[in-house]
Protein chains: 2
Amino acid sequence: MMIFEEVVQRAVEETSGALAAIIMARDGISLSMYLKPEVVLDLETMGIEYANLLGDIMRASETMQAGGVKEVSLTTDRYVVHIRVLNAEYFVALILDPNGNLGKGRFLLRVSAPSLLKEL
Amino acid sequence: MMIFEEVVQRAVEETSGALAAIIMARDGISLSMYLKPEVVLDLETMGIEYANLLGDIMRASETMQAGGVKEVSLTTDRYVVHIRVLNAEYFVALILDPNGNLGKGRFLLRVSAPSLLKEL
């Protein structure tokens, strides 16, 4: 199994409440994704929305001279989403249910970032 | 001291690495803010950027049918920002340095939200 598939699957399987994970380019083309077997989500469409949102956030961060964006977490009524920026082109997003373990998911994406970066 | 002033000051003073906090309406008018004495930040301008960003995020969340946005955390090279949505009109944002205790700040904003809401 390639490292990309391995990372998204492991992030989902090892984080309580995680539903899906996706590695995507900022232009909305997905590189790898994994959905928990029983979960129904339009993951690719969600990923494209996150890609757009990340663009908005990066522009706002520039305006504020806050530097590059590294991580974004988002809690809505239905989901918790954690996004880790990998480089100028790619990001990885983990989607959890509202009671999911965001801290664990964030940790797993952080520690797997270096091995993803080596392949990107 | 009014509850608004109390909450922003306490969130900053009791969170390690916190720099400033602001309660703001989504139209960019601030209700209350507190900066750590030695910190220089254009907090009002940052707040307006967050208000705009929150609007973008809320629209994306609607598009994804993910429901209302409750919390947003953002890590950049220079800051960590945690935003808690209070109601349709107001939000509170805490700004930390990159090594600040995001978990503690998030907790403090969460537990103080009900008392803020009573006054809004």
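Biologist: What joins β4(A) to β5(A)?

Modeller: A hairpin does, passing through 4 residues. Helices (H or I, at least four residues) and strands (E, at least two) are DSSP runs numbered from the N terminus. This is a predicted model, in which local features need pLDDT of at least 70 and side-chain atom pairs count only at pLDDT 80 or more, while totals for chains, interfaces and linings use all residues. Residues are numbered from 1 along each chain as its sequence is written, chains are lettered from A and ligands numbered from 1 in the order in which they are written, and side-chain values use heavy atoms, without hydrogens and water.

Biologist: How many bridges pair β4 with β5(A), and in which sense?

Modeller: Strand β4 (residues 80–85) of chain A pairs with β5(A) over 6 bridges in the antiparallel sense. Two strands count as paired if DSSP finds at least two bridges between them. Within this pairing, A:I83 has A:A93 as its bridge partner in β5(A).

Biologist: And which residue of β5(A) stands opposite A:M24?

Modeller: That is A:F91. Strand β1 (residues 18–25) of chain A runs antiparallel to β5(A), and 7 bridges join them.

Biologist: Is β5 mostly covered or open?

Modeller: Mostly covered: 7 of the 7 residues in β5 (residues 90–96) of chain A are buried. Buried means under 20% relative accessible area, exposed over 50%, and partly exposed in between (1.4 Å probe, protein chains only).

Biologist: Which residues point which way from β5(A)?

Modeller: A:Y90, A:V92, A:L94 and A:L96 point one way, and A:F91, A:A93 and A:I95 the other. In a regular strand, side chains alternate between the two faces of the sheet.

Biologist: Is A:E71 buried or exposed?

Modeller: A:E71 counts as buried, because its relative accessibility is 4%. By contrast, A:R106 is partly exposed at 23%.

Biologist: Which residue does A:R110 meet in a salt bridge?

Modeller: A:R110 meets A:E71, at 3.8 Å from N to O. This pair links parts of the chain 39 residues apart.

Terms used:
A salt bridge is a side-chain nitrogen of Lys or Arg within 4 Å of a carboxyl oxygen of Asp or Glu.
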